[in-house]
Amino acid sequence: MTSEQRLRIVFEAAVILCLGVVIGLSINHRLVISAFSGRVATPVVHKSTAQVGVAYPQPIGLDEVLAARDAGAILVDARIPEVYREGHIAGAVSLPLADVDAYLDDFLARFAPDQQLILYCSGYGCPDSFDLGLRLIDEGYLDVWSYEGGMPEWRAAGLPVERAPR
């Protein structure tokens with residue numbers, strides 16, 4: 001590599017760095033101005049953080065789900081009702097994230113805030129159970145878990161699945 005090629009690479013890297021700084025400052029200019037003016041940004045805290053110190057659902061694996069279910073945990077399906085009806089974990093209740101406002105009052109009336117909840121959806125890459133968990137934590141639930149393997153892992157393990165009546 002010649003010195004001219006090295007100089008060109010360094011120049012291109014400097015241009016990319018400068019563009020990154022300019023774009024970052026243009027997006028975060030209020031935060032930068034606040035920092036240099038001596039003001040301190042306050043973090044956003046979920047209602048539940050003060051209660052238990054955790055503001056998001058914790059991940060849980062299949063073996064832990066089985067043990068928790070046997071100990072009385074409630075399994076909650078975050079998928080849409082049509083998919084829930086086609087097949088869900090045996091005994092799971094439906095609380096679809098897409099329609100959570102329509103179903104939430106009934107759910108809150110049925111399950112106490114100290115009840116252990118294990119939420120699931122369509123497996124790894126599906127954010128619905130996690131997002132629903134955030135909502136339930138904000139509603140005051142203290143023991144919320146997200147089963148990331150969801151229905152695909154459950155079915156692959158040959159565990160019981162049931163269909164809901166139409």
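Visitor: How many helices and strands does the secondary structure of the protein chain come to?
Guide: This is a predicted model, in which local features need pLDDT of at least 70, side-chain atom pairs count only at pLDDT 80 or more, and totals for chains, interfaces and linings use all residues. Residues are numbered from 1 along each chain as its sequence is written, and side-chain values use heavy atoms, with hydrogens and water left out. Helices (H or I, at least four residues) and strands (E, at least two) are DSSP runs, numbered from the N terminus. For the protein chain, the secondary structure comes to eight helices and seven strands.

Visitor: What percentage of the 166 residues of the protein chain count as buried?
Guide: Buried means under 20% relative accessible area, exposed over 50%, and partly exposed in between, with a 1.4 Å probe and protein chains only. Of the 166 residues in the protein chain, the part that counts as buried is 30%.

Visitor: Is Ala-73 buried or exposed?
Guide: You will find Ala-73 in the loop between helix H4 (62-70) and strand E2 (74-77). Leaving out residues up to four places away in sequence, Ala-73 touches Ala-68, Gln-115, Gln-116 and Ile-118, where contact means heavy atoms within 4.5 Å. Because its relative accessible area is 9%, Ala-73 is buried.

Visitor: At what angle do helix H6 and helix H7 pack?
Guide: Axes are lines fitted to C-alpha atoms, for helices over the stretch in contact, and angles run from 0 to 180 degrees between N-to-C directions. The axes of H6 (residues 100-110) and H7 (residues 128-138) lie 12 Å apart, and the helices pack at an angle of about 50 degrees.

Visitor: Is H6 perpendicular or oblique to H7?
Guide: Angles under 35 degrees count as roughly parallel, over 145 as roughly antiparallel, 65 to 115 as roughly perpendicular and the rest as oblique. With an angle of about 50 degrees, H6 is therefore, relative to H7, oblique.

Visitor: Which residues of H7 make the contact with H6?
Guide: On the H6 side, Val-100, Asp-101, Leu-104 and Phe-107 take part. Their partners on H7 are Leu-132, Arg-135 and Leu-136.

Visitor: Where is Glu-86, and how many Å separate its C-alpha atom from that of Arg-163?
Guide: Glu-86 belongs to helix H5 (residues 81-86), and counts as partly exposed at 35% relative accessibility. Glu-86 and Arg-163 are 77 residues apart along the chain, and their C-alpha atoms are separated by 5.4 Å.

Visitor: Is Leu-142 buried or partly exposed?
Guide: Leu-142 sits in the loop between H7 and strand E6 (144-147). From Leu-142 to Ala-55, 87 residues away in sequence, the C-alpha to C-alpha distance is 9.5 Å. At 40% relative accessibility, Leu-142 counts as partly exposed.
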